Amino acid sequence: MMEYALYKGDTLLQIGTVDELAAFKKVKRKTILFYATPSYRKRTSEKGLRTIRLEEDGIG
């Protein structure tokens, strides 16, 4: 299962799946995914929310 990190500026808020992050922020899944898009980054400042997809290490 893919994990994501949710940041506000340089501060890590939470790591988890899209569903976990959506529950944490009380938003829809598509909102969490939108935070990762280039268009969202252009619309917001560097201190805004960001979702970063974490790389799988291939172990297991």
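Me: What ground rules apply here, and what mean pLDDT does the protein have?
Reply: It's a predicted model, so local features need pLDDT of at least 70 and side-chain atom pairs count only at pLDDT 80 or more, while totals for chains, interfaces and linings use all residues. Residues are numbered from 1 along each chain as its sequence is written, and side-chain values use heavy atoms, with hydrogens and water left out. pLDDT is the predictor's confidence in each residue, from 0 to 100. Here 93% of the residues reach 70 or more, and the mean is 92.

Me: In which element is confidence highest?
Reply: Helices (H or I, at least four residues) and strands (E, at least two) are DSSP runs, numbered from the N terminus. Confidence is lowest in helix 3 (residues 38-43), with a mean of 94. At the other end, with 98, sits helix 1 (residues 18-25).

Me: How many aromatic pairs are there?
Reply: Rings of Phe, Tyr and Trp (its six-membered ring) pair if their centres lie within 6.5 Å; planes under 30 degrees apart count as stacked, over 60 as edge-to-face and the rest as tilted. By that rule the count is two.

Me: What is the geometry of the F34 and Y40 pair?
Reply: The ring centres of F34 and Y40 are 5.3 Å apart. Their planes make an angle of 65 degrees, and the pair is edge-to-face.

Me: Why is the pair of Y35 and Y40 tilted?
Reply: The centres of the Y35 and Y40 rings are 5.1 Å apart. Ring pairs link F34, Y35 and Y40 into a cluster. Y35 and Y40 count as tilted because their planes are at 45 degrees.

Me: Is Y40 buried or exposed?
Reply: Buried means under 20% relative accessible area, exposed over 50%, partly exposed in between (1.4 Å probe, protein chains only). F34 is partly exposed at 31%. Y40 has a relative accessible area of 12%, so Y40 is buried.

Me: Which residue forms a salt bridge with R29?
Reply: A salt bridge is a side-chain nitrogen of Lys or Arg within 4 Å of a carboxyl oxygen of Asp or Glu. The structure holds one, and its closest N and O atoms are 2.6 Å apart. R29's partner is D19.

Me: How many residues apart in sequence are the parts that R29 and D19 tie together?
Reply: R29 lies in helix 2 (residues 29-34) and D19 in helix 1. R29 is partly exposed at 45%, and D19 is partly exposed at 46%. The pair therefore ties together parts whose separation in sequence, in residues, is 10.

Me: Which residues does K25 touch, not counting those up to four places away in sequence?
Reply: K25 lies in helix 1 and is partly exposed at 32% relative accessibility. Contact means heavy atoms within 4.5 Å. On that basis K25 touches L6, I32 and L49.

Me: What is the phi of K26?
Reply: K26 lies in the loop between helix 1 and helix 2 and counts as exposed at 74% relative accessibility. Most residues other than glycine have a negative phi. K26 is not a glycine, yet its phi is positive, at about 60 degrees.

Me: How far is G9 from G48, C-alpha to C-alpha?
Reply: G9 lies in the loop between strand 1 (4-8) and strand 2 (11-16), and it is buried at 18%. Leaving aside neighbours within four places in sequence, G9 is in contact with E46, K47 and G48. G9 and G48 are 39 residues apart along the chain, and their C-alpha atoms are separated by 5.6 Å.

Me: Which residues is E3 in contact with, leaving aside its neighbours within four places in sequence?
Reply: E3 lies in the segment before strand 1 and counts as partly exposed at 37% relative accessibility. E3 and G48 are 45 residues apart in sequence and 20 Å apart in space, C-alpha to C-alpha. The contacts of E3 are I15, G16, I52, R53 and L54.
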